[in-house]
Amino acid sequence: MINKKELEYIRSQLTFWEKLNESEIDLIEKNISMVSYSKGSNLKSTGSECLGVFLIKSGGFRVYILSEDGREITLYRLSPNDVCILSASCILNTITFDVHIDAEMDTDAYLINIGAFSKLSSTNVYVENFAYKNTVERFSDVMWAMEQILFMSFDKRLAIFLIDEISKANSTELHITQEQIAKYIGSAREVVSRMLKVFQSDGILEQKRGIIQIMDKEKLRKLV
């Protein structure tokens, strides 16, 4: 059961809340729950059920697609306070492809079940607009990911990724594997390994097992 403090947080994140009538508010309150996923858990994959809408409290999700040869291409990543709409893609008629969603780390989130959210979005235009606005914003992230894959050199893509990661972590020490980087930027681990060695020989970074230490941020930024 969601307590009052949690409900206040949920209200602050759902921009359509003030446009709900009493019965709609009651519907959400009765159909929202706290869910937890351990690191690596798969929330959604091809053919899996449509879960609903997630509001991430802690942790994070990675949304990705699979190429025909099984390569994972990350579309975007979600952090605390982000809303995950593609987990409810069955109510979005314009979504015609399968996405996969994994928990990047141990994650707690609030889940509005699909039945309740589907009913709200079909009867309340503000809820419907919230769903489509969120989807459009995420597709901006998707287009950025595709632009990097299609048009940028790999050294630039890797440099952008590392700069983003040290900004998120607020640290020049990144606890991340080559395999994880490959998944995030849609490449092969061997390609990532070769380019990291180039960066290391240029004095940009140092590598240990599962750790990348950025030694020269300015050199890294110049690659971008």
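**Figure 1. Contact between helices α5 and α6.** Phe-154, Arg-157, Leu-158 and Phe-161 of α5 meet Ile-181, Tyr-184 and Ile-185 of α6, where contact means heavy atoms within 4.5 Å. By class, six of the residues in this contact are nonpolar, none is polar and one is charged. Nonpolar covers Ala, Val, Leu, Ile, Met, Phe, Trp, Tyr, Cys and Pro; charged covers Asp, Glu, Lys and Arg; the others, Gly among them, are polar. The axes of α5 (residues 154-169) and α6 (residues 178-185) come within 11 Å and cross at roughly 105°. Axes are lines fitted to C-alpha atoms, for helices over the stretch in contact, and angles run from 0 to 180 degrees between N-to-C directions. The two helices α5 and α6 are therefore roughly perpendicular to each other, a term for angles of 65 to 115 degrees. Helices (H or I, at least four residues) and strands (E, at least two) are DSSP runs, numbered from the N terminus.

The model is predicted: local features need pLDDT of at least 70, side-chain atom pairs count only at pLDDT 80 or more, and totals for chains, interfaces and linings use all residues. Residues are numbered from 1 along each chain as its sequence is written, and side-chain values use heavy atoms, with hydrogens and water left out.

**Figure 2. Packing of helices α3 and α4.** Helix α3 (residues 114-123) packs against helix α4 (residues 125-151) at an angle of about 110°, with the axes 5 Å apart. That makes α3 roughly perpendicular to α4. From α3, the contact involves Phe-117, Leu-120, Ser-121 and Thr-123; from α4, Val-125, Val-127, Glu-128, Phe-130 and Ala-131. Six of these residues are nonpolar, two polar and one charged.

**Figure 3. The largest cavity.** A cavity is a set of points, on a 1 Å grid over the protein atoms alone, where a 1.4 Å probe fits but cannot get out; lining residues have an atom within 4 Å of a point. The largest cavity has a volume of about 50 Å³, a volume being the space filled by probe spheres set on the points, which are joined across faces, edges and corners. Its lining consists of Ile-10, Leu-14, Ile-32, Val-53, Phe-54, Leu-55, Val-83, Tyr-110, Leu-111 and Ile-112. Strands β3 (52-58) and β8 (107-113) are the elements that give two or more residues to this lining.

**Figure 4. The largest pocket.** A pocket is an open set of points with protein on both sides within 12 Å along at least five of seven lines. The largest pocket holds about 430 Å³ of space. Among its 19 lining residues, Leu-75, Tyr-76, Trp-144, Gln-148 and Asp-164 are the closest to its centre.

Conventions. Angles under 35 degrees count as roughly parallel, over 145 as roughly antiparallel, 65 to 115 as roughly perpendicular and the rest as oblique.
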